[in-house]
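The model I consulted is predicted.

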Amino acid sequence: MALLQIAEPGQSRDPHQHRTAIGIDLGTTHSLVATVRSGQAQVLQDDQGRVLLPSIVHYGQKPTVGYQAKEYLTTEPQNTIVSVKRFMGRAKTDIKFQHPYVLSGHDHQMPSFQTVLGQKTPVEISSDILKSLKVRAEQSIQHPINGAVITVPAYFDESQRQATRDAAQLAGLNVLRLLNEPTAAAVAYGLDKQLTHDQNYVIYDLGGGTFDVSILRFTQGVFEVLATGGHTALGGDDLDRLIVKWAKKQLNIDTLDNAQYAHALMAARQAKEQLSEQTSVEITILQQTLILDRNSFEQIIKIALDKTLQVCQRVLRDAKLDLNDIQNVVLVGGSTRSYAVQKVVAQFFNQTPLCTINPDEVVAIGAAITANQLVGNAQEDALLLDVTPLSLGLETMGGLVERLISRNTAIPVARRQEFTTYQDGQTAMLIHVVQGERDLVEHCRSLGRFILRGIPPMTAGQAKIEVTFQVNADGLLSVSAKELTSGVNAHIDIKPSYGLSDQDMERLLVEGFEFAEEDKHLRALQEAKVEAQREIEALTQALIADANLLTQVQQDKLESATQLLSESLKHTDLDAIEKASQQLKKYSDAFAALRMNQHIDQALKGTKLDDWSK
Ligand code: ADP
Ligand code: MG
């Protein structure tokens, strides 16, 4: 009797289920979310078709985020938090820059912003921004989100990264990985797919209020940050200020009051952005209109751009590289849309920088591509990053562990194996997921259980249950089971590494080695027991159907052999079980032969047993 059904090689391999992952660029001034759809990474729009979400949260009746929150910026500055990213992971004493907020909390703790809705920590405020992006993604994708990659500046330290992670968790996002912004930009351009290794890339990121430059080295499938540098107060806003300064001079304006200055800045920003499309634009300040062309714009902002180039020079030196060592330069940040910026960068690095992907979307795009790889959708391998600390498997009959993923396997990983039913007519199967190095379930750590129901009743061993284990880059395990003929499926998400202390881990590993011999014996014993029980079960079923084929003497012999085997199963003597099994098998094989003959006879006659009883 066949115990296990083994699928034919190459047969019945379903493409695995598509899982939904998003990439989030949680920026100082703007945030955005992207996903991969039909193999294409794309940024997601809000219900008004806008891609950028201003990173602004207003606390009023309830929290509002983005453009809606921006409206309260001048009227309620203390309830309207901008640039919260600058506060992330910082203790109160670390905050040395100017801001309009009332902060509370101890000096060495995370500060809280006092708002009409109570105290809000930077983590909570960031989480409100993330929630808003999550809702946007869910509405746009129409599918629950399985995981997210969130980008952080390369220079973010552990506490800033942890704060970002906490914010995401608070927003109900499953963080697949925090990814460095420059790395995300490189991934968006497919620089991780270059065939020649040991490449160096410069990522030049000029945003609204900050400038960051990083040098990445790509070796053996991994990005390494060689050096970073930047300016926390140098960005597009400074270019706007320089334009206003120039305009005031041209128009002989001495002073502007606050409101006038704010208007002038807005006009300057608009002119600057239009200049990325046109060669010259008009700018109106205090009802006076000026023409600004690309040439003058270049001259006006030269002082700011020169500063960025000085930083580039310094970072190259830190990385111990010179200009010839740089294979690619990637432009990131809204301000690099300016022709003037592209020109100085090209001149400095002596090559055309990559800017075909929208520079304010490129980080989110790279994050989405990475997220898609991490949930296992992409064809190609994702970046190797980590390994599973302990083996993962499931419980099979007799309390034995069938290992699907061995320890030290590089993650992310997916493994799949087929199992079958144990009893005739079995319609449900308990999938018990365990972790550890031992052969018996009772010696491993139980991670979770779920039941696959709705298996169509079949003879034992005929159903094909495909179980898939998938561990993502964050160490999160998900297990799914599917009955292949009917397609019914069930699934569970498990966090294997969380909740397992270092001592637990150590114990499980050591025991695995220590008990290897003992486990082997126990496994053999359990396997023999399972086999024996299956034999008895099958025989009982056969007797119900075809006992009439046997003489009374034959029936008695079968019965006593069954008794003997059942009795031996109550003990742990492997030899006795095997002997009794063999004895019973002799009779049951003979019985099986009789039944086979009868079925052949019936088939030849074209009648069934039922027909005789009519
Ligand atoms: P951050 O990464 O700091 O959140 P962004 O990358 O969104 O910032 O950059 C915002 C800046 O980009 C603003 O100063 C804005 O004026 C500028 N910007 C946006 N579009 C253009 C454009 N078409 N031309 C020039 N500058 C632009
Ligand atoms: Mg940015």
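I began with the residues that join two helices: Glu181, Ala184, Ala185, Val187 and Ala188 of H4 touch Val362, Val363, Ile365, Gly366, Ala367, Ile369 and Thr370 of H9. By class, I noted 9 nonpolar, 2 polar and 1 charged residue in this contact.

I then looked up the geometry. H4 spans residues 181-188 and H9 residues 362-374; their axes lie 7 Å apart, at an angle of about 75°.

Next I turned to H11 (residues 516-546) and H12 (residues 552-568), which pack at about 150° with their axes 10 Å apart. The cut-off for roughly antiparallel is over 145 degrees, so I recorded H11 and H12 as roughly antiparallel. H11 passes H12 in a left-handed crossing. On the H11 side I listed Ala532, Ile536, Leu539 and Leu543, and on the H12 side Leu558, Thr562, Leu565 and Ser566. This contact of H11 with H12 comprises 6 nonpolar and 2 polar residues, with no charged residues.

Last, I checked the aromatic rings and found 5 aromatic pairs in the structure. In one of them, the ring centres of Phe87 and Phe113 are 4.9 Å apart and the planes stand at 70°, so I classed the pair as edge-to-face. Phe87 sits in the loop between strands S7 (80-82) and S8 (103-104), whereas Phe113 belongs to strand S9 (residues 112-115); the two are 26 residues apart. Both Phe87 and Phe113 are buried. I also noted that ring pairs link Phe87, Tyr101 and Phe113 into a cluster.

Terms used
Residues numbered from 1 in each chain as written. Chains lettered and ligands numbered in written order. Predicted model: local features only at pLDDT ≥ 70, side-chain atom pairs only at ≥ 80, totals over all residues. Heavy atoms only, no water. Axes fitted to C-alpha atoms, helices over the stretch in contact; angles between N-to-C directions. Helix = DSSP H or I, 4+ residues; strand = E, 2+ residues; numbered from the N terminus. Parallel < 35°, antiparallel > 145°, perpendicular 65-115°, else oblique. Left-handed = near helix turned anticlockwise from the far one by under 90°. Contact = heavy atoms within 4.5 Å. Nonpolar A, V, L, I, M, F, W, Y, C, P; charged D, E, K, R; others polar. Phe/Tyr/Trp six-rings, centres within 6.5 Å; stacked < 30°, edge-to-face > 60°. Buried < 20%, exposed > 50% of the residue type's maximum accessible area, 1.4 Å probe, protein only.
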